[in-house]
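Let's walk through a ligand site together, from the shell of residues around it to the metal beside it. Have the model open as you read.

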Amino acid sequence: MSRVVGHLDLDYFYAQVEEVEDPSLRQRPVIVCVFSGRTDESGVVSTANYIARGFGVRSAMPISLAKKKLEGKNPAVIRMDHEKYEAVSARIMEDLERQVDLLEPTGIDEAFFDVTASSGSDFGKAKITCESIKESLLRNERLTCSIGLGRSKVVAKLASDMSKPGGLLVVAPETTENFLAPLPVSKLYGVGPKTTSALDEMGVKTVGELARAAPAAIEGRFGSKFGGYLMAAATGTDPDPVLPGLEPTQFSRIVTLKQDTRDPMAAYAQISDGIEHVHGKMMSSAKSCRTVSAIAVLTDLSTKTKSRTFETPVDDLAIIKETALLLFEELGRTVEKDFRRVGLRVSGLENTEDQTSLSEYVRSAG
Ligand code: DGT
Ligand code: CA
Ligand code: CA
């Protein structure tokens, strides 16, 4: 039975988030910039939308050079707002986690996932899951992504790269070796310029040539660990599992409201089950939280948050629910647009066990 591994990567992520906030940007070249502050122009491009890329703009390019390439093209030059992209990323990962069996985020805009169990190892079924992931991302965040599906991480990552932007590429197990064979070795995950030129010196240019090379020669040149990885990657049999993050730092749940509203009671009623779900996760991992946050995504897709931090960690459902309701009331009073989605987050997690053992210690000491 083959594993079914996916890789998802958001398209031109920071720039696309800016387009969602201001849809008029979609018709213009957009560059999201990190200003170093030395002069008005110094700094680099973090990312650019595909219109700007069409004029030769790339990540890490000096802002002055990017502006030169976009002269007369009415470019939008936007300052990078990392916190904003982090918030969007956290929501996406949370949604994604519920749609797959295992999720391993590997960066702000990408993750590996495993759907072997839920698809019964059926790539056709898994493809439908991927289509619905793309639809919900578009519906909830108005963002597009690229997804690759294969029997290993290397294949999934390659497939998502090749389907960019906006695509979905499924590499079925029986077609994997033919898919990989003609590609240059530099396309393999973990193969940089150094490895590429070392392989080139051995007469290995394509992944197919790598797969047919003598394992002893490859391991002799690269060591048994990396050499072994290279040989496995070349046939799409790299064994690394999808590993979900180990220690959670927060739990959250977010729901799309049946109808846009800014009535706190209506919002609270619809997130109530979600609060119980979050509380259940705290209980099953023996955590208490210091901070409870109410989140509202408004109709213009901006995000507003209100938080309360307690002096001692809390794990009582009634306290969390009461706090959430108060926070939604505060949010309802301050926002200027209706809520489209509402969520609850608990953070500042601490092990409840530690507190028990501490209080037991105090008791036995006293
Ligand atoms: P894509 O995936 O090719 O459609 O485009 P991006 O922009 O999503 O590229 P990706 O996935 O490599 O990177 C995700 C985000 O990370 C990107 O939106 C901005 C940021 N980023 C990427 N490369 C750089 C860089 O060289 N410098 C800085 N400051 N940020 C970067
Ligand atoms: Ca990306
Ligand atoms: Ca990425």
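Start with ligand 1, which has 15 residues around it, and of these Tyr 12, Phe 13, Thr 47, Tyr 50 and Arg 53 come nearest; a residue is near when one of its heavy atoms lies within 4 Å. This is a predicted model, in which local features need pLDDT of at least 70 and side-chain atom pairs pLDDT 80 or more, while totals for chains, interfaces and linings use all residues. Residues are numbered from 1 along each chain as written, chains are lettered from A and ligands numbered from 1 in the order written, and side-chain values use heavy atoms, without hydrogens and water.

Where does the shell around ligand 1 come from? Domain 1 (5-13 + 83-173) and domain 2 (16-80) each give at least three residues, with bounds from an automatic or database domain assignment.

Now look at the polar contacts (N or O pairs within 3.5 Å). Oxygen atoms of ligand 1 lie 2.7 Å from a backbone N or O atom of Tyr 12, 3.0 Å from a side-chain N or O atom of Asp 9 and 3.0 Å from one of Asp 109. Alone, ligand 1 exposes 590 Å², and the protein buries 68% of that (Shrake-Rupley areas, 1.4 Å probe).

Asp 9 and Asp 109 also coordinate the calcium ion (ligand 3), together with Glu 110, at 2.2 to 2.4 Å; donors are N, O and S atoms within 2.8 Å of a metal, or 3.2 Å for Na, K and Ca, and water is not among the atoms, so sites may look incomplete. Asp 9 coordinates the calcium ion (ligand 2) as well, 3.5 Å from the calcium ion (ligand 3). Asp 109 counts as buried because its relative accessibility is 13%, where buried means under 20% relative accessible area (1.4 Å probe, protein chains only), exposed over 50% and partly exposed in between.

Definitions and conventions
Polar contact = N/O pair within 3.5 Å; in protein donor to acceptor, adjacent residues only side chain to side chain.
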